[in-house]
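Subject: Handover of a structure

Dear colleague,

Please find below the structure that I am handing over to you. I would be grateful if you could read the notes that follow it.

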Amino acid sequence: MRELTAVKEFGATLDGADGPSPEARQRTLAQFHGTARSRRAGWGRLGHPGRLVLAGGLAAVVTGAVLVSQVVSIDHRPPASQAAAAQILRAAAAHEAAQPTPKIDPGRFVYVESIGSDVETRDLPGGKTEYKLNAKHRRIWLSVDGSKAGLLLRRAKGSTGPWNRIELPGCKNGKKVGLDGRPARGVDDAATCQPHAAFQADLPTEAGAMRRYLYEHSQGDNPRDVQAFITAGDLIRERYLTPAQLGAVFGALADVPGTKLVGAVTDEAGRSGVAIGMPEDARGTRSDLIFDAHTHAFLGERKTLTRAFADFQAGDVASSSANLVTAFVDRPGQLP
């Protein structure tokens with residue numbers, strides 16, 4: 001029963017806004033137990049890491065010093081790896097707080113460009129399932145106040161072919177609207193909605209207040225500290241936070257127990273960084289935030305396995321995302 005719970009939680013971890021269908025999810029869970037019952041042709045999406053909003057420090061010597069820190073507790077003080085993680089998170093918070101705040105127009109769009117990877121599945125003869133890591137180039141436009149329809153474009157990393165285009169309905173006066181401003185197609189006339197704003201002006205701008213916000217707005221079934229870390233990732237993923245808000249997020253995480261210094265990593269875009277992680281023991285995964293090793297600017301995130309799953313080994317990256325650009329534009333499809 002405990003293993004079944006862990007498997008379900010693992011699947012939930014890999015879910016995202018455009019994550020797997022219920023059928024794919026069920027099949028994955030069944031495969032985990034060696035009892036796959038269904039099959040389908042072609043590749044299906046198992047999950048993605050999510051994508052984070054780009055952010056902008058202390059000198060590089062800080063990171064260099066903490067990377068060689070001890071990882072044991074001394075005199076009941078926090079383990080050095082956790083203290084080192086807090087040190088880097090505070091440096092990231094300071095970096096963000098020093099960035100300029102642009103004028104934010106609620107009628108515009110937040111544009112985020114990223115490269116990400118996630119695990120996709122394909123059924124094979126004999127009831128087996130094949131897994132592979134698939135990298136995608138992603139561009140998304142989201143309404144600042146959520147009232148207008150947005151747009152998502154995706155294609156394989158490195159491809160020059162056509163983009164896969166997905167319209168993202170907005171919500172105006174309680175009704176879903178399409179890119180033409182008219183009621184979204186295929187939506188029940190009686191259905192109502194709430195706008196999902198890409199910018200939230202009332203988020204805390206101080207680390208202590210943000211820490212309370214993260215705990216109070218966590219809704220998952222993970223341990224509280226783990227869930228607060230996950231909620232922070234959800235909060236900044238493909239949204240815009242002011243430098244003060246984003247700095248408050250990283251400052252808040254510095255005081256969340258359980259964070260650890262993972263060490264030097266290379267993100268999905270090939271940039272060198274340092275990762276701060278939160279182990280999710282029940283799921284056999286770890287969530288990492290990646291920062292530039294020198295400036296401590298936020299680069300992206302990834303999900304790493306801490307125990308073997310299917311064709312993957314402990315230590316393999318199950319999903320990742322590297323932010324390339326975050327900007328404000330006037331309309332979906334417009335590049336900054």
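The notes below describe a pair of helices and then some aromatic rings.

This is a predicted model, in which local features need pLDDT of at least 70 and side-chain atom pairs count only at pLDDT 80 or more, while totals for chains, interfaces and linings use all residues. Residues are numbered from 1 along each chain as its sequence is written, and side-chain values use heavy atoms, with hydrogens and water left out.

The helix pair

Helix α6 covers residues 224–236 and helix α7 covers residues 243–253; they pack at an angle of about 165°, and their axes are 11 Å apart. Helices here are DSSP runs (H or I, at least four residues) and strands likewise (E, at least two), numbered from the N terminus. Axes are lines fitted to C-alpha atoms, for helices over the stretch in contact, and angles run from 0 to 180 degrees between N-to-C directions. The two helices α6 and α7 are therefore roughly antiparallel (a term for angles over 145 degrees).

On the α6 side, the contact (heavy atoms within 4.5 Å) involves Ala-228, Phe-229, Ala-232, Leu-235 and Ile-236, which meet Leu-246, Val-249, Phe-250 and Leu-253 of α7. By class, this contact has nine nonpolar residues (Ala, Val, Leu, Ile, Met, Phe, Trp, Tyr, Cys and Pro count as such), with no polar and no charged ones.

Helix α7 is mostly covered, with ten of its eleven residues buried (under 20% relative accessible area, with a 1.4 Å probe and protein chains only). Among them are Pro-243, Gln-245 and Gly-247.

The aromatic rings

Seven aromatic pairs are found in a search of the whole structure; rings of Phe, Tyr and Trp (its six-membered ring) pair if their centres lie within 6.5 Å. In one of them, the ring centres of Phe-199 and Tyr-240 are 6.0 Å apart with planes at 50°, so the pair is tilted (neither stacked, under 30 degrees, nor edge-to-face, over 60). Phe-199 lies in the loop between β7 (175–177) and α5 (207–216), and Tyr-240 in the loop between α6 and α7, so the pair ties together parts 41 residues apart in sequence. Both Phe-199 and Tyr-240 are buried.

Phe-250 and Phe-298 also form a tilted pair, with ring centres 5.6 Å apart and planes at 40°. This pair links distant parts of the chain, 48 residues apart: Phe-250 is in helix α7 and Phe-298 in strand β11 (residues 298–305). Phe-250 is buried at 0% relative accessibility, and Phe-298 is buried with a relative accessible area of 0%.

Finally, Phe-199, Tyr-240 and Phe-328 form one aromatic cluster.

With kind regards

Technical notes: Parallel < 35°, antiparallel > 145°, perpendicular 65-115°, else oblique. Buried < 20%, exposed > 50% of the residue type's maximum accessible area, 1.4 Å probe, protein only.
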